[in-house]
Amino acid sequence: MPNPVRSLLHRGGSLTLLVLSATCGAAFAQSPNEQQAVTLNPWPYTNLIAEGSQGHRLEIVTEAGIYNQATAILTFGGQTWKVTDWQCEQFRAALNTYRALPGLKPGPGLLLPGASPERPMPPYRPHGEMWTIRTHLHAPDWSAIAVEMRGGQGPYAFWMSDTVEVIKSCGPPLE
Amino acid sequence: MTDPTPPHELDEIVVRGQRRRPGGAFPAGPGGGGGAGDGGGEHQNEVEENDPPPDQIDPCADPATALPWNADAAGAATVAKFLLKAAEIGFADAPNGLPSLLNREFGSFLVRGSGQSVSTGSVTAGPPRDQTNPNWVSTLTIDPTGVTPANYQGDVHSHPNGNPLPSEADWISFMANNQQARDAGRTGETFYMYIVAAGQNGGPPTIRVYQDGPRAANSPNPARPTAEGPEVNPDAQPCP
């Protein structure tokens with residue numbers, strides 16, 4: 001039975017896949033030698049690196065040439081967890097949640113559509129782990145831009161904290 | 001800009017609100033909001049030798065003093081709501097029938113009402129303590145229902161471990177919320193964060209207040225306090 005996430009990713013739409021699509025698109029426009037240099041990259045593409053104020057470090061990567069499989073490498077307190085989406089359903093569900101996170105728009109907030117002093121305040125985690133997230137964002141025309149996001153509030157920071165707990169629940173750390 | 005006053009001079013060195021004064025007493029006020037355990041009905045005029053002089057000004061007569069007075073009262077009232085929530089949850093949150101703030105974190109926004117009134121928003125309870133994890137950190141997400149940048153006044157949340165100080169995450173998150181209100185034009189207001197330190201070894205919880213005073217929306221955030229904030233009267237009462 002095909003992995004539903006892999007099938008879903010094949011259909012496009014995930015941030016992970018979009019990053020790679022943009023990268024590969026750029027490679028096809030280059031000379032053959034340049035294409036080879038990109039293809040022979042021995043290390044998985046790193047799609048997301050996040051570091052938290054409580055000491056968590058999470059990388060979510062796709063294997064080189066196998067863009068529909070995601071692996072999480074979490075380190076915390078001297079321990080390392082390595083989890084793949086096809087081995088842990090909870091991590092797969094977390095990736096699906098990530099795909100559905102709302103888009104971010106540049107501020108200032110009062111210039112955003114619907115801005116008003118009467119709009120609701122966002123949910124608030126007083127002790128939310130502060131995250132520094134490095135990844136790529138994509139515009140509707142598929143152009144990509146590298147970004148570094150920092151903060152402890154909002155859907156992206158909450159997703160990071162929740163996903164860290166998911167990965168820990170997938171199994172014990174590596175020996 | 002015509003305001004010649006630098007931002008760092010805007011904070012007055014005035015003890016406001018219902019906070020423990022030098023010498024140890026909570027201020028008495030309208031309705032007798034005085035010390036813990038009093039009935040709250042009669043004005044307390046007893047002055048002991050070491051007490052500060054009685055207040056000469058009704059804190060509720062001036063909006064500048066009524067707001068912190070009412071915010072402190074709302075902060076204190078929120079603790080009772082936390083305990084009520086703990087009692088409703090029961091089990092480890094109310095061992096032997098006595099509600100406790102040790103097993104999980106509770107939180108609520110503070111909401112500005114008409115005039116200088118302040119009330120508690122929805123009370124949220126975080127997940128229970130993971131007894132197997134000595135490094136357990138709460139992941140409480142406070143429900144913002146009914147809270148907007150126009151009526152946000154701060155928040156109240158508990159620390160099950162009894163720490164009375166805001167963490168760096170507490171402070172940065174508080175600043176981010178305040179920024180939303182300032183972006184909506186509320187640059188002349190003070191916002192309050194009440195930290196309820198769960199009583200350890202059977203003691204009662206204590207409430208401490210930290211505040212972020214009037215300043216421009218684009219001004220730099222003050223540093224996280226490293227000293228404990230003033231203790232708020234647990235029996236604080238709002239202005240009548």
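Reply: In this predicted model, chain A has an average pLDDT of 78, and 73% of its residues score at least 70; pLDDT is the predictor's confidence in each residue, from 0 to 100. Local features are described here only at a pLDDT of at least 70 and side-chain atom pairs only at 80 or more, whereas totals for chains, interfaces and linings use all residues. Residues are numbered from 1 along each chain as its sequence is written, with chains lettered from A and ligands numbered from 1 in the order in which they are written.

Over residues 1-43 of chain A the pLDDT stays under 50.

Of the 175 residues in chain A, 26% are buried (20 or more other C-beta atoms within 10 Å; 12 or fewer is exposed, and in between is partly exposed). If one takes the contacts in chain A with a separation of 6 or more, 55% join residues 24 or more positions apart.

The part requested is the pair formed by helix α4 (residues 89-99) and helix α5 (residues 155-170) of chain A. Two packed helices are described by the angle between their axes and the distance between the axes. For α4(A) and α5(A), the axes come within 9 Å and cross at roughly 165° (axes are lines fitted to C-alpha atoms over the stretch in contact, with angles from 0 to 180 degrees between N-to-C directions). The two helices are therefore roughly antiparallel to each other, the word used for angles over 145 degrees; under 35 is roughly parallel, 65 to 115 roughly perpendicular and the rest oblique.

The crossing of α4(A) past α5(A) is left-handed, that is, the near helix is turned anticlockwise from the far one by less than a right angle. On the α4(A) side, the contact is made by Q90(A), F91(A), A94(A), T97(A) and Y98(A). They meet W159(A), T163(A), V166(A), I167(A), S169(A) and C170(A) of α5(A). Sorted by type, the residues of this contact are seven nonpolar, four polar and no charged (Ala, Val, Leu, Ile, Met, Phe, Trp, Tyr, Cys and Pro are nonpolar; Asp, Glu, Lys and Arg charged; the others, Gly among them, polar).

Two loops of chain A deserve attention as well. P108(A) is in the loop between α4 and β5 (131-138) of chain A, and the peptide bond that joins G107(A) to P108(A) is cis, with omega about 5°. The loop between β5 and β6 (144-151) of chain A holds W142(A). W142(A) is not a glycine, yet its phi is positive, near 75°. Because it has 10 C-beta neighbours inside 10 Å, W142(A) counts as exposed.

The setting also includes a second chain. Contacts link 22 residues of chain A with 28 residues of chain B. On the chain A side, these residues divide into 10 nonpolar, eight polar and four charged. The scores of the model are ipTM 0.76 and pTM 0.78.

Chain B averages a pLDDT of 85, and 83% of its residues score at least 70. Residues 1-13 of chain B, however, stay under 50 and have eight contacts beyond four places in sequence. In chain B there are two helices and six strands, in the order α-β-β-β-β-α-β-β from the N terminus. Of the 240 residues of chain B, 40% are buried.

N96(B) lies in the loop between α1 (63-89) and β1 (106-112) of chain B and has a positive phi of about 60°, although it is not a glycine. With 5 other C-beta atoms within 10 Å, N96(B) is exposed. P127(B) is in the loop between β3 (124-125) and β4 (152-159) of chain B. Because it has 13 other C-beta atoms within 10 Å, P127(B) is partly exposed. Leaving aside residues up to four places away in sequence, P127(B) touches R104(B) and T139(B).

Definitions and conventions
Helix = DSSP H or I, 4+ residues; strand = E, 2+ residues; numbered from the N terminus. Contact = placed C-beta atoms within 7 Å.
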